[in-house]
Amino acid sequence: PNAGSCGGMFTANTMASISEALGIALPGSASPPAEDDRREKIVYETGKACTELLELNIKPRDILTFESFENAITMLNAVGGSTNGILHLLALANEVKIKLTYDDFERIRKKTPHIADMKPGGGYVMNSLDKIGGIPLVMKKLLDNNLIHGNTLTVTGKTIEENIKQYKISTTEQQIVREVENPLHEVGTAVILKGTLAPEGAVIKTAGVEMTKFTGKARVFDGEESAFDSVAKGEIDEGDVLVIRYEGPKGGPGMREMLATTAALVGQGLGKKVAMITDGRFSGGTRG
């Protein structure tokens, strides 16, 4: 361990990738490692961009349009990003008074191929993606196939399409980012579910998930601590369905992530043998 965020396409790297697609981060700023010398240049160029935006009178709401949010949702699915991306995009859209719904996420997911083979569901980390061109490489593949809006404004004062044309993107043969015609999955991986358990909607990440159906005995816990204690004591059996409730925005409070319990289940070899449902959050590193 050293400086920076977790190396996979967990929450931090998901949000950095989404930020480039939204247009609120400089092209290529998402992928360089924390201790890379390029970080100093990115910091300087970011400050410079802020002053230029002030001079041009370009405000955040000029950049954060409905189309830019569609680009961000496309990126989320193309890279197999964290389900936390859905929460953060909904919150950001609310902040800038843009109506964004679960239906928008599903509409875009169904037409977006999953093309970046990133951990935790895939085989590579952000540093690997950085070496072949970073998020601009992913965006170019999406733009070339008319899957993102190229005319949305960004913090460079230019559009997405103009940025990609000016950015030097590697053409080296690689296995990390697939062609749109040969994706890892035909559709995106940030799935919205609706049913009797969650009539208003729930989220699941299907990147790296093998089972699509699960039937088992519900084991209900009022809070993560009691669920974790039960797992630690070896009281959870193969085929059980853990239900952890009262962990939502009000209950947690703050919608805590259930990382401790999911990690404990995986540690006991139950990662693919039980299911878990919660009104809290899953970590960006959680599978499913």
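Guide: A cavity here is a set of points, on a 1 Å grid over the protein atoms alone, where a 1.4 Å probe fits but cannot get out, and its lining residues have an atom within 4 Å of a point. The model is predicted, so local features need pLDDT of at least 70 and side-chain atom pairs count only at pLDDT 80 or more, while totals for chains, interfaces and linings use all residues. Residues are numbered from 1 along each chain as its sequence is written, and side-chain values use heavy atoms, with hydrogens and water left out.

Visitor: Which residues line the largest cavity?

Guide: Rolling a probe the size of a water molecule over the atoms shows where empty space is left. In this model the largest cavity is lined by Glu-20, Gly-23, Ala-25, Pro-27, Pro-136, Met-139, Thr-154, Ile-160, Asn-163 and Ile-164.

Visitor: How should I read a salt bridge, and which side chain does Glu-247 meet in one?

Guide: A salt bridge is a side-chain nitrogen of Lys or Arg within 4 Å of a carboxyl oxygen of Asp or Glu. The whole structure holds 14 salt bridges, among them the one in which the side chains of Glu-247 and Arg-256 meet at 2.6 Å, N to O.

Visitor: Is Glu-247 buried or exposed?

Guide: Buried means under 20% relative accessible area, exposed over 50%, and partly exposed in between, with a 1.4 Å probe and protein chains only. Glu-247 is buried, because its relative accessible area is 1%, whereas Arg-256, with 28%, is partly exposed.

Terms used:
On a 1 Å grid over the protein atoms alone, a cavity is a set of points where a 1.4 Å probe fits but cannot get out, and a pocket is an open set with protein on both sides within 12 Å along at least five of seven lines; lining residues have an atom within 4 Å of a point.
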